[in-house]
Amino acid sequence: MTNAQVTALQYGFIGFLALWAVVLVPQLITQLARYGGLRLRGIATTAAVLLYGCMTLAVVFLPLPGPGTRRLSQTVQLHPFQWITDMHTELLKHGEPLSQWFTTQTFQQACLNVLLFVPLGVFARLLWRRGLTGTVLIGFAASLSIEVTQVTANFGTAPYAYRIFDVDDLMNNTFGAAAGWVFGALLLALLRSPIGVQPARSERVHLAQPR
């Protein structure tokens, strides 16, 4: 993870705290009025969704381009699995053996793109009760929205496009959402407690005793 990404996560966390402070008070008031008490599960769920959203947006869009930021020579990448070629090129550039492919920044970035959408898949399964197909569509649509926003320079609000529209990111994000759905389904299966069946009680019957 680069220093820029760490800084972006810090800003994302600050944004989460600010947004959660705004959302938390109305949520507490609503719970007290509706249920007569607090429901920690609902509060934790809201916090988790807000945290994920803020962190994701921060990593995707920050840092914004400054006056000294160099413009990209390429803004669109439409070759599937180009990251594998880039990983090989990176190894050759640094004179490292092919066995060290997992240490390359290209591979780590691809993994981060997958992991970025895993929580979305978990939320789709556990919170929104979506099936695998629906989750894949949600992941694809969310990733496509991000890529379009990037290639259009945040819909013209940025001075120029500072992130690449990458079809590999689209594929990895969608795969991450699907993996998150599978993880959520497994977690749900583990948390479901089986119906307890009590064994039949043996009862001694006295024939001479009236019942």
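**Entry 1: a loop residue to begin with**

I started at phenylalanine 155, which counts as exposed at 60% relative accessibility, and I noted that what I am reading is a predicted model. I then looked up where phenylalanine 155 sits, and found it in the loop between α5 and β2, the strand of residues 165-166. Its phi is near 55°, a positive value in a residue other than glycine. I wrote this down because most residues other than glycine have a negative phi.

**Entry 2: another positive phi**

Which other residue did I find with phi near 55°? Arginine 129 has this positive value, and it too is not glycine. I located arginine 129 in the loop between α4 and α5, and its relative accessible area of 53% puts it among the exposed residues. The cut-off for exposed is over 50%, so I counted arginine 129 as exposed at 53%.

**Entry 3: a cis peptide bond**

Next I checked the peptide bond that runs from leucine 62 to proline 63, and I found it cis, with omega near 0°. Proline 63 is placed in the loop between α2 and β1, the strand of residues 76-77. I marked the bond in my notes because most peptide bonds are trans.

**Entry 4: the chain as a whole**

I stepped back to the whole chain, and I listed 6 helices and 2 strands, which follow the pattern α-α-β-α-α-α-β-α when read along the sequence. For a compact globule of 211 residues I would expect a radius of gyration near 17 Å, but the chain has 25 Å. The box that its C-alpha atoms fill along the principal axes is roughly 100 × 50 × 30 Å.

How much of the chain is buried? I found that buried residues make up 31% of the 211 residues. The accessible surface comes to about 14200 Å², and 66% of this belongs to carbon and sulfur atoms. When I took the contacts between residues at least 6 apart in sequence, 70% of them joined residues at least 24 apart. For the charges, I noted 14 positive and 8 negative side chains, with the centres of the two sets 23 Å apart.

**Entry 5: threonine 106**

Is threonine 106 buried or exposed? I found threonine 106 in helix α4, which covers residues 105-126, and with a relative accessible area of 19% it is buried, because the cut-off for buried is under 20%. Leaving aside neighbours within four places in sequence, threonine 106 is in contact with Trp83, Asp86, Met87 and Glu90. With glutamate 90 I also noted a polar contact at 2.7 Å, made from side chain to side chain.

Alanine 142 has its place in helix α5, residues 132-151, and its relative accessible area of 27% makes it partly exposed. Apart from neighbours within four places in sequence, I found alanine 142 in contact with Phe117 and Leu120. I also looked up alanine 8, which is 134 residues away from alanine 142 along the chain, and their C-alpha atoms are separated by 19 Å.

Arginine 39 lies in the loop between α1 (3-35) and α2 (40-61), and at 45% relative accessibility I recorded it as partly exposed.

Conventions: Residues are numbered from 1 along each chain as its sequence is written. This is a predicted model: local features need pLDDT of at least 70, side-chain atom pairs count only at pLDDT 80 or more; totals for chains, interfaces and linings use all residues. Side-chain values use heavy atoms; hydrogens and water are left out. Helices (H or I, at least four residues) and strands (E, at least two) are DSSP runs, numbered from the N terminus. The radius of gyration is taken over C-alpha atoms; the globule rule is 2.2 Å times the number of residues to the power 0.38. Buried means under 20% relative accessible area, exposed over 50%, partly exposed in between (1.4 Å probe, protein chains only). Contact means heavy atoms within 4.5 Å. Accessible areas come from the Shrake-Rupley method with a 1.4 Å probe; for residues, only the protein chains shown count as cover. Lys and Arg count as positive and Asp and Glu as negative; His and the chain ends are not counted. The place of a charge is taken as NZ of Lys, CZ of Arg, CG of Asp or CD of Glu. A polar contact is a pair of N or O atoms within 3.5 Å; within protein, one must be able to donate a hydrogen and the other to accept it, and residues adjacent in sequence count only if both atoms are side-chain atoms.
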